[in-house]
Structure formats: C-alpha cells, structure tokens
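Here is a briefing for a first look at this structure. Keep the sequence and the 3D view open as you read.

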Amino acid sequence: MVQAATVHGGVHVHTAVDGSRRPPMLLPAPPGRIRDRERERSLLVVVAARYLTPDRGEGRGEVGVRPDLLVISGPGGVGATALAADLAHRAVHAGSAPAGALWADLSALGKAEIAPAATGAVLAGWLRTLGAAWIPAHPGEAAAMLRSLTTDGVVAVIDRATSAAQVRALLPATGLVIVTSRHRLPELAADGAHNVELGSLPFDAGMDVAADVIGSRATADPAGLRALVAACGGLPAAIVAAASYVAARPHRPIGELAARLSRPRLRPCPPRAMAGRDDPPLSSTPEHTVTVAEEENIVNAAVDAAYSELSPQLQHAYQVLAVLPGPIFSTDAAAAALQLRDEATDSVLAHLRQAHLVQHEIGDQWRLRDPTQAARLVGQMAADEHDAVVATAARHYLMWAAGIDTAMSQRRRYAAVFTWHPERPSAVTGRQAAIAAMQPWVATLLASQAAAADAGQHYLAWQFTDVLWGYVIHRQDYATGQQVCQVALDSARRCGDVGAQARIHMLAGALARRQGHLDAALDHHAVSDELARQAGDTLSCAATREHLGATLRELGRPDEAIAVLETGLALYDASPPYPRGRALLLRQLGAALSDRGRHHEAAPHFAEAEQIFVNLGEEYPRARLALNQAEAAINRGDFDQALDRLDLAADLLPDSSAPHDGYLHCLYAKAHTGTGDTDAARRALATAEHLGAALPADHPTAHFIRSIRDDLAATGPEVNSDANPV
C-alpha cells in the first residue's frame, strides 16, 4: 500500500512477469541454404563465438554488461537478413537465449525522420512478448523496462535498420544483438558494434542459385543463365526473383527473358491497356492487377532500393558518377564531374558509401557497387548533360595521364593536353613510379577515350594516344596501344587534324613493327610521312624516317634502312633542336651500319646517341642502345665487349618487361656461346624461355628465342626449358 497527500497522474497496478512463461521465439525459419558466404560467416562466428558454443556462458546475463552488437550491412537484396537469421538460430540452439529470441523488421517504419515513433510500436510488441503487464508511454521508460526484462540474455535481430537511433532504442540489457542495414551505421561503433559488410555474390555462386530455382533448363542454356545472372548485379534476392520469373515461363529461352529483365524500366500499363495481352491479370480486382511490365521490374526493384532512399541531390550525384567511364574512378574525377570542392565531394562519396552504392578500393580508387543498375540510371539523364560529364571526365583523365607520362621520358609530345593546366599537378617522379601509377587506370583511360569518341568529343579522344604512349612502350602493352590508336585515328580524321593523323600513324607503325607485323608497319610509315609533310612538321617527318629505318632493318633490307635514316638525320639537322629524337635515329643508323659490317662508321653514331641519353638522364633508350651495341659487338666477334654492354643494359633496367629481358638473355646466350661457355649460354637461354613463355607466338622476341635455341641445339643436348633459370 502507498499513501500520498496528493497523487498526480494515473496510478498503475501490475503484477510481476510470470516466471513460468516459456521464453519467446520470434525468429523466422532459418534459411535453407546460404551460398558462398563462408568468409562473412567466419567473421560473424569469431565475433559471436561465446554465443555459439554450449556451456560457454561467461558474461551472459550479468547485470551491467552491455549486449554484443553485430551490424551486417550491404545493399538491398544482398542477403544480410538470411545471414542474420542463420546466426541467430545457431545462437539459440547453443542455449544463448534464456530470456528468448526477438525479431523486428524495421522496413515498414518508413523514413528515418518519422521512425522514432514507429520504433516505439516495435518496442511495445517486444515488451508484450516478454510478458510485461503494462507498456510505459514514455520511450525512455519503455527502453528501461526492456532492459530489466532481458538481464538473463536474449538473442535479438533488428532487421533493416536505417539509423543508429532505431537500434539504440531497442537494445536489451545483455545478449547478442544482430542488426542488418542497407547503411553502414558507423555511429554504432561507440556502442561496441562490429561491422561486417556484405559484397555482391560471386558470379559462379549466383549461377548456382539461379540454377537451383530454374532446374534442368539452366544446364541446357548456360549462356542464357550467365546473361540472367549478369543482369542481377550479384544480389541474391534479385537472382532468385529473376530465376523465378524464368521458371514460370518454360516456353521462353532464358536468354530472351534475361534481355527483358535487363531493359530499361517501363511504366505500368493502365487496366484498359491490358486488353489483348497474352498474360491475364493475376487478380480480377483492378487495384491488384499486375502487368507484364511490373513483373519485369522485379529485378530492378531489388537493386534500386538504396538509390530510392537517397535525397534528390545524392540521386543526381550518383547518376553523374554512373556516367564516369571505366571500372574505377578517382576522387578528383568525381569532383570534376560533380563540379564540387574536395570537402563536398568527400561528403557525397561518404554518403553513397554508407548506402552501399559505391565502394572504396585502394588509394584513390572508387567503383560503383552495381554497374548494371548504374547503366539503367544513366538513361534517365538528359543527353547534353551526359555528354558534358563525359567531356569533363575525358579532360580530367587526359590532364592526369599527361602529368604521369611526363615523368616517364622527355619525348616530344604533340597533343595539346600537355600545355593545359591540371587541377592538381602530378607528384609522381621516375619512370618506374610513373608506370606503376598509370597501370591501374589504363582500363579507365581507354573507356574515357571511347566514351569521348561516342559523344563526338573527337578532339579529346585522339589525344589519349599521346598520353598513353609512354606507358605502352615501356610496359610493351601492345594490346592497349592498338586499341588506343584505333579509336584515336578515327577521331583525328573526324577532326580533320592532319598533324594528329600523322602522329598516330607513326605510333601505329611503331606498334606494328614491335609486334612483327612489318608490312602493316610500312603502310603506316608511308601514310605518316605524307601527312607530316602536308602538315609542314619536319620533326615528325624525321621521326617517321627513324621508324621506317627500323622496320626496313627487321625486313633484312639494311641498305634501304641506311638511306632512309640518313635522310632523317638531315631533317633533324635542318629542324629546331630535338636531341632525344636525333639520338633515337642515331641508334637505328648505327645498328643498320653494323648489320652491313660497317662497324667503324657505326661507332661514332652509337657514341653520340649514348652521350645524349646520358645528358638527358634517359635510362630506357640508353638500355635499348646498349642492346644494339652488344648485338654489334657479337656481329664483329667481340664477345667480351658484348657482355659488358649487356651488363650495362641489365643494370639500367633491373625491373624491365618480359620482352626486353627475354631479348637481353638471348643476347647473353649468343655472347656466352661465342666465348665458349656453353653452360652459361644454356642458363641464359633457359631464362629467356621462361620470360618468353607469356609472349604471343608471333612476338619478335619469341621468334628470336626460338632461333637462339635452334643455334644452341647444334652444340649439344637441348635446353631443359622446365629447369629453374639462373
């Protein structure tokens, strides 16, 4: 009994919780099968280990001990709910829920700003389930009652939370709390949360999921199955929805149905428009009518959930980022496309990362989580805005790549981008550092070039050849060189830029020669020479003669090569000074003279070229020159001098490409053969073959390796190419 002078408010009388009640079990049925989530499940098991092992209850149910909090985050449909249910059931079966197992699906609570009141309804339901005789009206009192009823420990799942506040309002006193969310919820780190982020399902696992649903048809149409899974962005929910759609239409090929699901969203048809369609309504009630178009949007609905929750400003930002070409983009590219300062760009990326729409890779590399979804959203953007974003991205990447390229060599550059002022000057120095900086971005640069060409930005598109040329030559990445030259040449023609066409034909000819396509190289040289003369560019004419002379040498026509190279040298003499170009031509002229046995005439050309390269600090062409000098020494029988030059080439480029090193060790094999050291020759050839194993069969270095092997085969047992090279 309570006695008081004045009583304010209501008086509530209630009984204690019935201790004989069985603890509640609100968990849905466990998932039947979880595909390819071993890594994530292992992480969850490590964090929740004491709840998954029977009789290891240390800390369970102790008053004042906070619950262990796990946050499983990822884009909608990624399978977070299934993982949470799986873990919760395992904890319950291990005896970790003496006070019961709770479940709350917060997806029906609406937007975050109206969620607090709705969260109270979930809390009230939990209290009733736990046996509370009355529900406090004040949220703080209700939360306190929840804690008082869960001191023995519960397993609670808070599914599809949108904010940390929602989670905190539902935390019990002790136990294991598993939260799923489309947002990363980093604020919960202050509550001791462990965050496990789910990525897309691996493609093969997605194929297995779809095949399980579709059945034997999947085995008969693997190409259609791949197309279907590719349309789903690696999201299990989308894959299941798409596979169910296919399974319900056994008369249609899987590929045809995959194309339906991949096409842009359609507006739902009004009921009157259903007349004459093959598929009848699923219900005779108009408001429940589902049109074919709506069914085909099932996959889109699964992958669009996170996007639909963004503010209009962030939705537009995501659309802009979706236009950026290539598999990855940089923060600076995002800032340029969004026309934002660094701080604002960082904020946009942080929000989109929270929503699992973009992911950070390494360094300054970002990528879209679901490029398939992004491609559909791009179609909602006006064409002029789309092309403006493409042009901005192309200009940005051109300026960035130009800054990297200038660190590789002091070659002559034709493209205008090298005179532009970049948003942020490059801090890269040195050839190796420049190559390493460029390599991860090559695919994005090629995609930017293609996008610029498609958008009619041909003035930008052709310049990618110039900014990528240093990388192509130093890495000997000829596939990239071919691709960039093909697009650039078409764009240069559309621009009507004769000088650019001459430049690209010259580079394309050099590529063809290095790949052993000598007739194609001659064609490019001829066109380049004619166009350079039309443009009045004597330096380009001289450079073209250098490349033509090198091609004629490889065709076994040294006399013609010497004549062409001497005309090129005369052009350099009559042009503004360009020491590097002159040295490159002198290198080829010395090699051609050596081919004809005119070693005394070759020596001064080699010496002048070497001095220029030393003065310029150009290690790569100096190493190439050392190889020419070694070859010349072998031709005249001076094998010790050849070995000395080869050692210099190896010292100048200790981390060179496989074709360069393969050629180097072939020459080592020839020089050692000349000195009579057959064992050293065989070891050198074994190294060359090891390096050349990754080269195409028609690569010039591969041909050279085979010819050296044939020469050595006549001197004794064949080389064991499987032996470890020295």
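A residue is called buried when its relative accessible area is under 20%. It is exposed over 50%, and partly exposed in between. The model is predicted.

**Helix α3**

- Helix α3 covers residues 80-93, which makes 14 residues.
- From first C-alpha to last, α3 reaches 20 Å. That is close to the 20 Å expected at 1.5 Å a residue.
- The buried residues of α3 are A80, L83, A84, A85, D86, L87, A88, H89 and A91.

**The five-stranded sheet**

- Five strands form an open sheet in the order β2-β3-β4-β1-β5. Their pairing is parallel.
- The edges are β2 (101-105) and β5. Each has a single partner strand, so one side of each is left without a neighbour in the sheet.
- Neighbouring strands in this sheet are turned by 15 degrees against each other on average, direction ignored.
- Strand β3 (residues 154-161) runs parallel to β2, and five bridges join the two.
- Look for W103: V157 in β3 stands opposite.
- In a regular strand, side chains alternate between the two faces of the sheet.

- Strand β8 (residues 365-368) pairs with strand β6 (residues 329-330) in the antiparallel sense, over two bridges.
- F329 has W366 of β8 standing opposite.
- Strand β7 (residues 358-360) also runs antiparallel to β8, with three bridges joining them.
- V358 has L368 in β8 as its bridge partner.
- The hairpin of β7 and β8 has four residues between the strands. In this hairpin, G363 takes a positive phi near 60 degrees.

- Most residues other than glycine have a negative phi.
- L185 is not a glycine, yet its phi is positive, about 50 degrees. L185 sits in the loop between β4 (175-181) and β5 (194-197).
- Is L185 buried or exposed? L185 is buried, with a relative accessible area of 5%.
- Q476 is not a glycine either, and its phi is positive at about 55 degrees. The loop between α22 (464-475) and α23 holds Q476.
- Q476 counts as buried, at 11% relative accessibility.

**A buried histidine**

- H525 belongs to helix α25 (residues 518-535).
- With a relative accessible area of 2%, H525 is buried.
- Which residues does H525 contact, leaving aside neighbours within four places in sequence? They are G509, A510, T544, H547, L548 and T551.

**Salt bridges**

- Side chains of opposite charge can pair when their charged atoms come close.
- The model has 26 salt bridges.
- D490 and R494 form one of them, at 2.8 Å from N to O. Both lie in helix α23 (residues 478-495), four residues apart, so about one helical turn separates them.
- D490 is partly exposed at 32% relative accessibility, whereas R494 is exposed at 58%.
- E554 and R513 form another salt bridge, at 3.8 Å from N to O. E554 lies in helix α26 (residues 538-554) and R513 in helix α24 (residues 498-514), so this pair ties together parts 41 residues apart in sequence.
- E554 is partly exposed, with a relative accessible area of 41%. R513 is buried, at 8%.
- E608 and R582 also meet in a salt bridge, at 2.9 Å from N to O. E608 lies in helix α29 (residues 599-616) and R582 in helix α28 (residues 579-595), so the pair ties together parts that are 26 residues apart in sequence.
- Both side chains belong to partly exposed residues: E608 has 31% relative accessibility, and R582 has 21%.
- A network of salt bridges links D529, E530, R533 and R545.

Notes: Residues numbered from 1 in each chain as written. Predicted model: local features only at pLDDT ≥ 70, side-chain atom pairs only at ≥ 80, totals over all residues. Heavy atoms only, no water. Salt bridge = Lys/Arg side-chain N within 4 Å of Asp/Glu carboxyl O. Buried < 20%, exposed > 50% of the residue type's maximum accessible area, 1.4 Å probe, protein only. Contact = heavy atoms within 4.5 Å. Pairing = 2+ DSSP bridges. Axes fitted to C-alpha atoms, helices over the stretch in contact; angles between N-to-C directions. Expected span 1.5 Å × (residues − 1).
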